[in-house]
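Please keep the sequence and the coordinates at hand while reading.

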Amino acid sequence: MTMVQLLLPGTNLLYYGEEIGMENLPNRTQSFPQRGAMLWDDNTNAGFSDADDLKAGVQDNYDSINWKSQYHNPRSQWKMVQKLVKMRERSEALNQGQVYIGKLHEHSAFTLTRFLREDDIMKGRIFIGGVNFGKSTVDLPINDVPSINEADLKNARVETVNSGAQNYEPRTTIDLSSQTLQLGPNEGIIVSLAV
């Protein structure tokens, strides 16, 4: 969902810890859920503090979901957020461009496309985000993406992937001339195309 949010226009707000995939603490006795201490690393108290009696709760999965473990992993939630924030700063298509949301496919997958068109002429790059929230692989059609036939489909660039990605690597080139994007379960990817 963070990938989709960062592709949409407007101001993005991330609650602390969303950039690494933190969730609320599983405490049902509180009227409002709490996120707990920031998960910095896999040390005691997730690197938040070395206190013996930490008042802030710590997630049980801090040894696998923490900032340090994601810092160098190109498929991590942190790297995806970092890349998308930088792309939003630099790309006119992501700052001022139009939005096209593709049809829901197999009840779980869709595309979200950002592009810049001035005077009926495509400018810059087309950014296509494909997400699959389902539990099975889908062949997601992209033939309805605006100006797809004007784009260089043989040299699509994988900009970033989510932490569930198994089939794609960031900063690689893929061939989308079939106008289909195959996504595995819980997989998300953002590709860009030159026009």
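W40, W67 and Y71 make up one aromatic cluster. The model is predicted, so to speak of its limits: local features need pLDDT of at least 70, side-chain atom pairs count only at pLDDT 80 or more, and totals for chains, interfaces and linings use all residues. Residues are numbered from 1 along each chain as its sequence is written, and side-chain values use heavy atoms, with hydrogens and water left out.

Rings of Phe, Tyr and Trp (its six-membered ring) pair if their centres lie within 6.5 Å; planes under 30 degrees apart are called stacked, over 60 edge-to-face, and the rest tilted. Four aromatic pairs turn up in a search of the whole structure. In one of them, W67 and Y71 are tilted, with 4.9 Å centre to centre and 45° between the planes. W67 has a relative accessible area of 28% and is partly exposed; Y71, at 32%, is partly exposed as well. Here buried means under 20% relative accessible area, exposed over 50%, and partly exposed in between (1.4 Å probe, protein chains only). K79 lies over the face of Y71, 4.9 Å from the ring centre; the criterion is NZ of Lys or CZ of Arg within 6 Å of the ring centre and within 35 degrees of the ring normal.

Q70 belongs to helix α2 (residues 67–70). Helices (H or I, at least four residues) and strands (E, at least two) are DSSP runs, numbered from the N terminus. Is Q70 buried or exposed? Its relative accessibility is 8%, so Q70 counts as buried. Not counting residues up to four places away in sequence, Q70 touches, among others, E19, I20, W78 and K79, where contact means heavy atoms within 4.5 Å. Q70 and I20 are 50 residues apart in sequence, yet 7.4 Å apart in space, C-alpha to C-alpha.

Next comes the sheet. Six strands form an open, antiparallel sheet in the order β1-β2-β3-β8-β5-β6; two strands pair if DSSP finds at least two bridges between them. β1 (98–101) and β6 (173–174) stand at the edges with a single partner strand each, so one side of each has no neighbour in the sheet. Four bridges join β1 to β2, and V99 stands opposite R114 in β2.

The largest nonpolar core has 24 residues, and L176, L181 and L193 have the most contacts inside it. Such a core is a set of buried Ala, Val, Leu, Ile, Met, Phe, Trp, Tyr and Cys residues joined through side-chain atoms within 4.5 Å.
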